[in-house]
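Look over the sequence and the model, then read the points below.

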Amino acid sequence: MFKDFFRVVLRPFRMACGALLRYLHVRRLFRYDRLRFMKNSGTFGTGKKREYVQKEKIIMGYHVLEKGLTMPSCRLGFGREAVLDLMHAISEYENDFGKSDGQVDHASRCVKAYLHLHEDEQYDMAADAGFWNAVKDFCDARSGAPAQMMKFDRDDFFGQVNSPFEVFAKSRHTVRHFAGTVSDETIEKAVDLARTSPSACNRQYVRVHCLRDHKLHEKIYKLQNGNRGFASAADKLLIVTSDLNGLRWHEERNDVFTNAGIFIMNLMYALHYNRLGCCVLNWSVSPDSDKRLRGIIPLKESETVVALIAVGHLPDDFLVAASPRKPLQEVLVWH
Ligand SMILES: Cc1cc2nc3c(=O)[nH]c(=O)nc-3n(C[C@H](O)[C@H](O)[C@H](O)COP(=O)(O)O)c2cc1C
């Protein structure tokens with residue numbers, strides 16, 4: 001009698017209670033993340049962290065310019081609105097905070113590099129005189145040389161692959177210039193080396209999907225917002241995922257990104273070591289785009305896409321963005 005009662009009533013009841021508690025717990029965790037996000041994320045305007053947010057905006061702005069200035073086929077006249085936004089953001093920063101900052105200075109120097117390129121190429125500025133006068137006034141008001149994009153030939157770029165780690169790490173740069181076909185074996189070598197990445201409890205739930213078919217690349221690039229003008233020339237497209245099935249407790253909810261992030265960095269070094277160029281492409285997309293990707297390539301439902309990586313051989317010579325780093329004292333916080 002009690003056995004039946006346990007089987008028919010008590011056990012399902014206990015299971016339902018367990019499921020409800022788990023559901024509430026997960027809800028609480030994601031609520032915590034959501035509230036923290038809404039309170040602190042730079043996507044919701046400025047709030048208390050105004051200076052920090054303004055600086056991030058400037059970094060994003062100069063990054064657009066650096067990308068444009070180093071593109072395989074740099075289209076003169078590019079980025080008009082981006083330049084206006086950047087000049088505005090820099091002026092605002094200078095007025096509001098009245099101090100110099102390495103990243104903000106670099107941003108001004110990128111505007112100068114933009115102006116110099118157009119002057120050197122004798123671009124027709126008269127057609128948009130208001131804009132170009134504003135750029136010239138902005139540059140004249142600021143000291144500092146135009147930012148230099150880094151020019152490499154392929155052998156120079158890979159010249160340090162056998163050097164001590166400190167030198168090797170500094171020789172890696174994101175490239176957006178690609179040429180030629182990458183063999184499957186080279187991709188295998190790089191991913192094999194990247195398997196040395198550590199992972200939580202050694203669960204190793206990161207996967208790398210390598211797409212050879214350029215028609216698939218194009219479909220996927222349409223869903224992503226940072227590949228225009230260069231990624232199509234990359235022979236291989238990697239999709240890095242983490243399998244949610246690998247998580248063991250709810251608090252690990254963000255570990256899919258930590259584990260994949262560590263793997264991606266290791267993979268970038270492994271690609272560089274194998275003399276391949278690469279550019280990580282964000283997968284910061286809408287749920288709709290994420291679902292559409294799953295219609296293009298077969299991913300397990302449990303796989304979370306973390307990032308894409310365009311991979312290819314490099315042309316004989318090419319330009320690379322300087323992408324200067326924040327100073328150590330800003331990054332390393334002693335307690
Ligand atoms: C998570 C992540 C997402 C990125 N997404 C893009 C992207 O969509 N398009 C792009 O051109 N570069 C992208 N990048 C490359 C960065 O712009 C680049 O790493 C950064 O400017 C620093 O330059 P470096 O890699 O040469 O040191 C991404 C990098 C990371 C780590």
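Of the 335 residues in the chain, 24% are buried (20 or more other C-beta atoms within 10 Å of the residue's own; 12 or fewer is exposed, in between is partly exposed; C-beta atoms are placed from the backbone). This is a predicted model: local features need pLDDT of at least 70, side-chain atom pairs count only at pLDDT 80 or more, and totals for chains, interfaces and linings use all residues. Residues are numbered from 1 along each chain as its sequence is written.

**Overall build**
- The chain has 12 helices and 6 strands (DSSP runs numbered from the N terminus: H or I of at least four residues for helices, E of at least two for strands).
- Its C-alpha atoms fill a box of roughly 95 × 50 × 45 Å along the principal axes.

**Domains**
- Domain 1 covers 2-40, domain 2 covers 44-148 and domain 3 covers 153-320; the bounds come from an automatic or database domain assignment.
- The centres of domain 2 and domain 3, taken over C-alpha atoms, are 29 Å apart.
- Their contact takes 4 residues from domain 2 and 7 residues from domain 3 (contact means C-beta atoms, placed from the backbone, within 7 Å).

**Helix α9**
- Helix α9 spans residues 214-221, and its buried residues are H217, I220 and Y221.
- Seen down the axis of α9, these buried residues fall within an arc of 100°, so they line one face of the helix (the arc is that of the directions from the helix axis to the C-beta atoms).
- The buried residues of α9 pack against β2 (206-211), β3 (236-243) and α11 (287-296).

Technical notes
Contact = placed C-beta atoms within 7 Å.
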